[in-house]
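Dear colleague,

I am handing over the structure below for your files. My notes on it follow directly after.

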Amino acid sequence: MIGYRFEPGPTHLLRLEAGEDLYRSVAAYIVEHDVRAASVTFLGAVRRASLRYYNQDEKRYQDFEIAHHLEVVAGVGNVSILDGSPFLHIHAAFADSEGAAYGGHVNVGTEAFAIEVAITQLGGVAPVRQLDETTGLMLWGPPGT
Ligand code: ZN
């Protein structure tokens with residue numbers, strides 16, 4: 001296990017406009033405001049979702065789309081450093097009109113209807129993502145690396 005300790009910094013509340021790309025808008029905000037470590041939550045509704053599932057056996061992402069209106073039941077994520085820049089990582093559960101749920105790693109292409117985002121910035125040395133050979137994923141390295 002790798003552990004980091006932070007003090008909470010400022011919290012940013014964002015409201016996305018209808019038509020904005022959920023991933024691109026929040027990713028642009030963190031870069032613009034130099035948010036290098038944070039926890040992220042969001043909720044609201046989207047017009048369509050573009051998601052990824054990580055196939056653990058093949059060590060590759062499988063992309064899929066849900067091309068209809070959905071509630072965002074719960075969105076969670078974090079910010080750390082990848083290739084020297086702030087990197088947004090978000091997952092979400094979505095529900096349709098019957099309450100059936102979908103979910104996954106949120107990709108570019110998820111179109112907001114109305115989204116509220118809370119970014120809790122963390123004060124301290126941001127985790128840096130590096131390749132983890134076991135999973136094939138870019139995961140947080142030990143502090144100070
Ligand atoms: Zn993910």
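With which side chain does the side chain of Asn-55 make a polar contact? The partner is the side chain of Gln-62, at 2.7 Å; a polar contact is a pair of N or O atoms within 3.5 Å, where within protein one must be able to donate a hydrogen and the other to accept it, and residues adjacent in sequence count only if both atoms are side-chain atoms.

Please note that this is a predicted model, in which local features need pLDDT of at least 70 and side-chain atom pairs count only at pLDDT 80 or more, while totals for chains, interfaces and linings use all residues. Residues are numbered from 1 along each chain as its sequence is written, and side-chain values use heavy atoms, with hydrogens and water left out.

Asn-55 lies in strand β2; helices (H or I, at least four residues) and strands (E, at least two) are DSSP runs numbered from the N terminus. With a relative accessibility of 12%, Asn-55 counts as buried, where buried means under 20% relative accessible area, exposed over 50%, and partly exposed in between (1.4 Å probe, protein chains only). Apart from neighbours within four places in sequence, Asn-55 is in contact (heavy atoms within 4.5 Å) with Arg-60 and Gln-62.

The loop between β2 and β3 holds Lys-59. Lys-59 has a positive phi of about 50°, although it is not a glycine, and is partly exposed at 41% relative accessible area. For context, most residues other than glycine have a negative phi. Asp-83 also has a positive phi, of about 55°, and is not a glycine. Asp-83 lies in the loop between β4 and β5 and counts as exposed at 71% relative accessibility.

The zinc site

The zinc ion is coordinated by His-89 (NE2), His-91 (NE2) and His-105 (ND1), at 2.0 to 2.1 Å. In sequence, these donor residues follow the spacing H-x1-H-x13-H. His-89 belongs to strand β5 (residues 85-95) and His-105 to strand β6 (residues 101-106), so the pair ties together parts that are 16 residues apart in sequence. Donors are N, O and S atoms within 2.8 Å of the metal (3.2 Å for Na, K and Ca); water is not among the atoms, so sites may look incomplete. His-105 counts as buried, at 13% relative accessibility.

The largest pocket

The largest pocket contains about 480 Å³ of space. Of the 24 residues lining the largest pocket, the closest to its centre are Tyr-61, His-89, His-91, His-105 and Leu-137. Two or more lining residues come from each of β2 (38-55), β3 (60-66), β4, β5, β6 and β9 (137-140). The lining divides into 14 nonpolar, eight polar and two charged residues; Ala, Val, Leu, Ile, Met, Phe, Trp, Tyr, Cys and Pro count as nonpolar, Asp, Glu, Lys and Arg as charged, and the others, Gly among them, as polar. A pocket, on a 1 Å grid over the protein atoms alone, is an open set of points where a 1.4 Å probe fits, with protein on both sides within 12 Å along at least five of seven lines, and lining residues have an atom within 4 Å of a point. Grid points are joined across faces, edges and corners, and the volume is the space filled by probe spheres set on them.

Asn-78

Asn-78 lies in strand β4 (residues 70-82) and counts as buried at 17% relative accessibility. The side chain of Asn-78 makes a polar contact with that of Arg-129 (3.2 Å).

Helix α1 and strand β7

In helix α1 (residues 22-32), the buried residues include Leu-22, Tyr-23, Val-26 and Ile-30. Their cover includes β1 (7-16), β2, β4, β5, β6 and β7 (111-123). At the start of α1, a side-chain oxygen of Asp-21 comes within 3.1 Å of the backbone nitrogen of Tyr-23.

Ile-115, in strand β7, is buried with a relative accessible area of 0%. Ile-115 and Leu-43 are 72 residues apart in sequence and 5.7 Å apart in space, C-alpha to C-alpha.

Yours sincerely
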